Amino acid sequence: MPGGCTVLMALFILGKLYVANAGDSRGVLCRAAKAYPMSYDFTPVTERTRLMQLGKLAPHLLGEEYSWLEYSRMLYRDAHMTGWAYKIIQESDMKFPMVFGEGKRSRLLATIGVTRGFGDHDLRAQAQHGTVLIKPFLSPQPEVRVLDVDTETITADDVLVLGTDGLWDVVTNEEVAAIVSRGLQAWDNESRAGKYRYISLAQDLVMAARGKLKERNWRRSNGDPATIDDITVFVIPILPYKQGMQVDRDQELLQEEVQVNILDKGMEAMEVEKETETEVNDEHVISNLPQVVDENADLNGDFT
């Protein structure tokens with residue numbers, strides 16, 4: 001299948017919350033109006049070192065169009081360098097850097113702005129000579145972060161926000177936590193709000209990123225430009241999972257108690273049955289004793 005996608009998933013299992021990310025989507029845990037990142041974006045800037053090292057070790061993947069070196073006027077930076085140094089420019093250096101730009105405008109091989117995900121097997125970079133595939137530089141390996149829900153003190157206001165880059169391009173983690181906190185206060189009556197409480201929070205986050213059309217341009221409420229990317233947002237409460245986990249544990253304990261009671265009653269029944277058999281055997285022996293005595297008496301009489 002052509003094309004590709006980033007991956008962000010959350011999994012509740014065995015008392016823990018796992019968040020796995022491969023791409024530029026993001027997960028943030030909101031607790032008491034504070035944001036706790038559960039993932040970080042993978043872009044050409046954040047993975048600059050990995051990409052440049054791969055380009056240096058396998059320069060044939062870059063073709064004749066790109067270089068793993070970076071230049072800033074007369075300065076350059078190699079894969080192993082954190083700072084800049086002077087270099088005499090050669091003809092072989094006159095190539096486009098494989099990582100170009102900063103922030104959300106950064107691009108890998110002048111084509112793609114994300115460095116992890118699935119697919120994109122046939123994606124090619126612009127090249128005048130030969131074919132430069134981008135897939136060798138893309139990694140499907142996710143970053144996984146874990147929250148121990150079983151040992152944490154979880155409240156109804158603890159939620160996990162999962163969103164695509166359309167949200168995070170213009171809304172910070174702290175802004176998301178503030179919006180979630182205000183929304184939870186507005187829907188403090190859970191019996192009335194029900195499931196719409198978290199749906200409303202997701203809608204608030206989408207509107208914060210999309211803004212409104214003002215003078216033929218989309219603007220946020222603070223006047224900044226709104227996002228131009230698509231937006232997908234999930235708001236997931238943590239407490240129901242912990243409560244459900246506790247209910248399952250209580251049921252397991254109850255089943256164990258029932259099984260123990262059944263086993264105890266079975267053992268008692270077996271002991272009563274053994275005692276009854278013993279009494280019956282004793283009565284049978286006693287009933288036979290007089291006959292044995294009479295026979296002995298006859299034998300003794302005959303003998304005398």
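Trainee: Is Asp120 buried or exposed, and why?

Mentor: Asp120 counts as buried, because its relative accessibility is 16%. Buried means under 20% relative accessible area, exposed means over 50%, and partly exposed lies in between (1.4 Å probe, protein chains only). Keep in mind that this is a predicted model: local features need pLDDT of at least 70, side-chain atom pairs count only at pLDDT 80 or more, and totals for chains, interfaces and linings use all residues. Residues are numbered from 1 along each chain as its sequence is written, and side-chain values use heavy atoms, with hydrogens and water left out.

Trainee: Where does Asp120 lie?

Mentor: Asp120 is in the loop between β13 (118-119) and β14 (124-125). Helices (H or I, at least four residues) and strands (E, at least two) are DSSP runs, numbered from the N terminus. The protein chain has six helices and 20 strands.

Trainee: Which residues is Asp120 in contact with, leaving aside neighbours within four places in sequence?

Mentor: Contact means heavy atoms within 4.5 Å. Asp120 touches Gly3, Gly4, Ile112, Lys135 and Leu138 in this sense. Take Lys135: it is 15 residues from Asp120 along the chain, and their C-alpha atoms are separated by 6.2 Å.

Trainee: What is the phi of Asp120?

Mentor: First the general idea. Most residues other than glycine have a negative phi. Asp120 has a positive value, near 60°. Ala110 also has a positive phi, about 55°, although it is not a glycine. Ala110 sits in the loop between β12 (107-108) and β13. With a relative accessible area of 39%, Ala110 is partly exposed.

Trainee: How many aromatic pairs does a search of the whole structure find?

Mentor: Three. A pair of aromatic rings is described by the distance of the centres and the angle of the planes. Rings of Phe, Tyr and Trp (its six-membered ring) pair if their centres lie within 6.5 Å; planes under 30 degrees apart count as stacked, over 60 as edge-to-face and the rest as tilted. Phe12 and Tyr241 form a tilted pair, 4.6 Å centre to centre with 35° between the planes. Phe12 lies in strand β2 (residues 7-13) and Tyr241 in helix α6 (residues 239-303), so this pair ties together parts 229 residues apart in sequence. Phe12 is partly exposed, at 23% relative accessibility.

Trainee: Why is the pair of Tyr66 and Phe96 edge-to-face?

Mentor: The ring planes of Tyr66 and Phe96 are at 85°, with centres 6.3 Å apart, so the pair is edge-to-face. Tyr66 is in strand β6 (residues 66-67) and Phe96 in strand β10 (residues 96-97), 30 residues apart. Tyr66 is buried at 5% relative accessible area, whereas Phe96 is partly exposed at 35%. Ring pairs link Tyr66, Phe96 and Phe100 into a cluster.

Trainee: Which ring does the charged end of Arg116 sit over?

Mentor: A charge sits over a ring if NZ of Lys or CZ of Arg is within 6 Å of the ring centre and within 35 degrees of the ring normal. The charged end of Arg116 sits over the ring of Phe42, 4.1 Å from its centre.

Trainee: What share of the protein chain is buried?

Mentor: Buried residues make up 33% of the 304 residues. Now look at contacts between residues at least 6 apart in sequence: 63% join residues at least 24 apart.
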